[in-house]
Amino acid sequence: MRLSSVSFRYSRRGPWVLRDVELTLDPGSVIEVTGRNGAGKSTLLRLLAGIMPTSRGTIAGRPGVVGYAPDVFPVGQPFTVIGYLEHMSRIRGVSLASTEELAVRLNATHLLGQPLGDLSKGSAQKVGLIQSLMAPPDLLILDEPFAGLDQQTRAELPLIIDEIAASGGIVVVSDHQNQLQNFPGADHWLVEDGAVTSRSGERSQVSAPPDGAETRQAPPSPDGMETPRPSASPSQGDRQPPISQPFAPQSGEGARQVVIEVLVDADDADEIEQKLRADGYLTRRTS
Ligand SMILES: Nc1ncnc2c1ncn2[C@@H]1O[C@H](COP(=O)(O)OP(=O)(O)OP(=O)(O)O)[C@@H](O)[C@H]1O
């Protein structure tokens, strides 16, 4: 699969989010995508998945079966989990039995009877993952899949990724928690200032210089990028409801917990709080 001179902006007069990106994805590769908030990781993943067309440039050789799990699974649908998965299994032409096996693997069987709208961030994430995996994907795209996942599923997901890559699939994972940092042979893409910097791991057949040195794509032209607008993030509309339980570290068995106070700009507060909650942290706002 090959991206040639791919540029993207959300509106005709809007700022360029990605500029002249050149990338090659080889069968069997696992790619970890990192970058700061608003850098364009989700945008790049949506382009790869074919959910949005490029503004300029081309994406060639996208494999036939694409699995995509968004960073925020859209829970505003009138289904139970099993009702949704049955529906998706029918659409994708796969047996419900294989979908149920995935539910076991991802520790999600207890969720099957629940309405989608009642799911926590991590549980909704699991449903999105099952949906993306139910038809064995040749290209699997996971946007922040580790956010809010329990420990068992966090440990299982890299095994699933490895299996897909071992059978020749391409796996692209945006991973701001760096869960795949030590994944054997993973390639790394850094999204920054509209460009994508690629560093190849040992799985990659093509884009690495022999010494593994970094290669940087063309930077945006001086009139290109504007400062990213966090408020326009697509995940914004699906904000989790406020956490209602008392704000206090949990005592007793398990990991010791501490409170960390973080001072942020008021303009950034919504986005930062949403991000922390998505990662499973309990937050409390004071002005
Ligand atoms: N639907 C949209 N309409 C307009 N602008 C958007 C839209 N979605 C994202 N953007 C903007 O595009 C830029 C890149 O956003 P994107 O969500 O791809 O970044 P990201 O690296 O995934 O960020 P995060 O880590 O916060 O999820 C940001 O400036 C964002 O505000």
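Predicted model: local features only at pLDDT ≥ 70, side-chain atom pairs only at ≥ 80, totals over all residues.

1. Residues are numbered from 1 along each chain as its sequence is written.

2. The chain has six helices and 10 strands; helices (H or I, at least four residues) and strands (E, at least two) are DSSP runs, numbered from the N terminus. Of its 287 residues, 33% are buried. A residue is buried if 20 or more other C-beta atoms lie within 10 Å of its own, exposed if 12 or fewer, and partly exposed in between, with C-beta atoms placed from the backbone.

3. Helix H2 (residues 81-92) has 12 residues, which at 1.5 Å a residue should span 16 Å, and its end C-alpha atoms are 16 Å apart, which agrees. The expected span is 1.5 Å times one less than the number of residues.

4. Val 81, Tyr 84, Leu 85 and Ser 89 of H2 are buried. The face turned away from the buried side of H2 carries the exposed residues Arg 90 and Ile 91. After H2 comes Gly 93, with a positive phi near 70°.

5. Strands E3 (residues 30-34) and E8 (residues 187-192) run parallel and are joined by four bridges; two strands pair if DSSP finds at least two bridges between them. Glu 32 has His 188 in E8 as its bridge partner.

6. E8 also pairs with strand E9 (residues 195-199), in the antiparallel sense, over five bridges. Their hairpin has two residues between the strands, and Asp 193 takes a positive phi near 50° there.
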